[in-house]
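Colleague: Please take one part of this model and go through it closely, strand by strand, with the side chains that matter for reading it. A plain account will do.

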Amino acid sequence: RTTRLANREQRRALRVLYRTCACCDVVFEHCQIHHVIWFDPDGRTDIDNMLPLCHRHHHLAHEGGWKLALLADRTLRVKLPNGEVRVHSPPRAMAA
């Protein structure tokens, strides 16, 4: 809770886990790091609460009514405003 933004080491760790946005094929380098449980008021800035999202999906998570849940194995569940639930498999770790 001392800082809101992911630090260099956290970004590197996420880069090892994800090649792309957690929801699509936009490359990691064009993604923003998103707090699944928002930093304000209760989210933590740690790996277990962060994932990469492209600009489009980051916007949908903040202003589009998407509800995200990141499971322990990094499976991502996205509940859309219409009630539909989309499940994204955990990323396959890659060599650093």
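Modeller: A residue is called buried under 20% relative accessible area, exposed over 50%, and partly exposed in between (1.4 Å probe, protein chains only). The model is predicted, so to speak of a local feature takes pLDDT of at least 70 and a side-chain atom pair counts only at pLDDT 80 or more, while totals for chains, interfaces and linings use all residues. Residues are numbered from 1 along each chain as its sequence is written, and side-chain values use heavy atoms, with hydrogens and water left out.

The part I take is the open sheet of three strands, in the order E3-E4-E5, with antiparallel pairing. Strands (E, at least two residues) and helices (H or I, at least four) are DSSP runs numbered from the N terminus, and two strands pair if DSSP finds at least two bridges between them. The edges are E3 (67-70) and E5 (85-88), each of which pairs on one side only. On average, neighbouring strands of this sheet are turned by 15° against each other, direction ignored; the axes are lines fitted to C-alpha atoms, for helices over the stretch in contact, and angles run from 0 to 180 degrees between N-to-C directions.

E4 covers residues 76-79 and pairs with E5 in the antiparallel sense over four bridges. E3 and E4 also pair in the antiparallel sense, over four bridges. Lys79 can be followed to both sides: its bridge partner in E5 is Val85, and Lys79 is itself the partner in E4 of Lys67.

Most residues other than glycine have a negative phi. Arg74 is not a glycine, yet its phi is positive; at 10% relative accessibility it counts as buried. The E4-E5 hairpin likewise has five residues between its strands, and there the positive phi, about 95°, belongs to Gly83.

Next come the charged pairs. A salt bridge here is a side-chain nitrogen of Lys or Arg within 4 Å of a carboxyl oxygen of Asp or Glu, and the count by this rule is two. One joins Glu84 and Arg86, with the closest N and O atoms 3.2 Å apart. Glu84 is partly exposed at 37% relative accessible area, and Arg86 is partly exposed, also with 37%. The other joins Glu29 and Arg15, where the closest N and O atoms are 2.9 Å apart. That pair links distant parts of the chain, 14 residues apart: Arg15 in helix H1 (8-17), and Glu29 in the loop between H1 and strand E1 (31-35). Arg15 is partly exposed, at 27% relative accessibility.

Cys23 is buried, with a relative accessible area of 15%. Leaving aside residues up to four places away in sequence, Cys23 touches Leu53, His57, Trp66, Leu76 and His88, contact meaning heavy atoms within 4.5 Å. Cys23 and His88 are 65 residues apart in sequence, but 6.7 Å apart in space, C-alpha to C-alpha.
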